[in-house]
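User: I have a model open and want to go through it with you. Can we start with the helices and then look at the pockets?

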Amino acid sequence: MGFYFDIGWHHIIAKNAFDHLLFILVLSAVYLVGDWKKLLILVTAFTLGHSLTLILSIVDIIRVNANLVEFLIPLTIIITAIFNLWKKGFGSSALQRNYFLAFFFGLIHGLGFANSIRFMMSSDESLGIDLLGFNLGLEAGQVVVVSCILILSFIIVNKAGLKRDWWVKGLSVFAMLFAIKILWDNFSTSLH
């Protein structure tokens with residue numbers, strides 16, 4: 001379990017996990033410190049979606065071309081950023097839409113890791129424990145990331161007085177620009 005916890009943790013907290021970090025950043029951008037419970041539910045929705053595709057992949061129910069997934073992952077960041085940019089206020093209905101995005105796009109992000117972990121877990125007899133360890137590591141990594149985002153939002157929005165709308169739009173544009181670069185890099189690499 002500890003082995004897979006470590007894999008789940010590093011799946012979020014690693015240099016090559018930049019796409020996941022951007023997605024969590026853009027999802028979390030609309031939340032402030034007072035919304036921490038809603039944000040924890042949000043990252044759990046992402047983990048559930050992520051886990052579902054891992055399970056379906058490990059038991060060989062679904063397989064998706066890796067190039068397609070590498071195209072879709074930055075696209076999830078761009079779409080979420082666009083939702084943030086069009087958002088008219090931060091009421092509960094606007095925030096609840098993010099739960100759907102987190103779960104649905106978690107399915108896509110799970111496919112990105114499914115191909116690499118499928119072979120390790122499918123040969124292991126303790127699949128349930130392995131998945132639990134991986135998901136706990138994934139969730140722990142996400143909680144650390146969103147905690148940092150909430151602390152930054154508290155300092156910048158609550159204390160320094162930056163308008164919440166500017167905060168959300170700034171983070172969304174930042175994430176979208178990097179996602180476009182990732183998309184372009186993936187596209188350029190696939191041409192060669």
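Predicted model: local features only at pLDDT ≥ 70, side-chain atom pairs only at ≥ 80, totals over all residues.

User: Start with α1. Which residues are buried there?
Analyst: Helix α1 covers residues 2-12, and Tyr 4, Ile 7, Gly 8, His 11 and Ile 12 are buried in it. Those buried residues fall within an arc of 135° seen down the axis of α1, so they line one face of the helix. Exposed residues Gly 2 and Phe 3 sit on the face turned away from the buried side.

User: What does His 11 touch?
Analyst: Leaving out residues up to four places away in sequence, His 11 touches Ala 17, His 20, His 50, Phe 113, Phe 134 and Leu 138. Contact means heavy atoms within 4.5 Å. The His 11 side chain also makes a polar contact of 3.0 Å with the side chain of His 20. A polar contact is a pair of N or O atoms within 3.5 Å; within protein, one must be able to donate a hydrogen and the other to accept it, and residues adjacent in sequence count only if both atoms are side-chain atoms.

User: Why does His 11 count as buried?
Analyst: Because its relative accessible area is 10%.

User: And α2, how many of its residues are buried?
Analyst: Nine of the eleven residues of α2 are buried, so the helix is mostly covered. Among them are Asp 19, His 20 and Phe 23.

User: On to α3. What does Phe 46 touch?
Analyst: Phe 46 lies in helix α3 and is buried, with a relative accessible area of 1%. Not counting residues up to four places away in sequence, Phe 46 touches His 20, Phe 23, Ala 102, Phe 103, Phe 105, Gly 106, His 109 and Gln 142.

User: What about Thr 47, buried or exposed?
Analyst: Thr 47 is buried, at 6% relative accessibility. The Thr 47 side chain makes a polar contact of 2.4 Å with the side chain of Glu 139. Beyond four places away in sequence, Thr 47 touches Asn 135, Leu 138, Glu 139 and Gln 142. The C-alpha atoms of Thr 47 and His 109 are separated by 9.5 Å, with the two residues 62 apart along the chain.

User: Which side chain does Ser 51 join?
Analyst: A polar contact of 2.5 Å joins the side chains of Ser 51 and Asn 135. Ser 51 lies in helix α3, residues 36-58, and is buried at 8% relative accessible area.

User: Where is Asp 60?
Analyst: Asp 60 is in the loop between α3 and α4, and is partly exposed at 44% relative accessibility. Asp 60 has a positive phi of about 65° although it is not a glycine. Most residues other than glycine have a negative phi.

User: Now pockets. What volume has the largest pocket?
Analyst: The largest pocket has a volume of about 280 Å³. It is lined by 14 residues, of which Asn 16, Ala 17, Asp 19, His 20 and Glu 70 lie nearest its centre. Elements giving two or more residues to that lining are α1, α2 (18-28), α4 (66-86), α5 (92-122) and α7 (164-191).

User: How is a pocket defined?
Analyst: On a 1 Å grid over the protein atoms alone, a pocket is an open set of points where a 1.4 Å probe fits, with protein on both sides within 12 Å along at least five of seven lines; lining residues have an atom within 4 Å of a point. Grid points are joined across faces, edges and corners, and a volume is the space filled by probe spheres set on the points.

User: And the second largest pocket, which element gives the largest share of its lining?
Analyst: α7 does, with five residues. About 150 Å³ of space lies in that second largest pocket, and its lining includes Glu 70, Phe 71 and Phe 187.

Notes
Residues numbered from 1 in each chain as written. Heavy atoms only, no water. Helix = DSSP H or I, 4+ residues; strand = E, 2+ residues; numbered from the N terminus. Buried < 20%, exposed > 50% of the residue type's maximum accessible area, 1.4 Å probe, protein only. Arc of directions from axis to C-beta.
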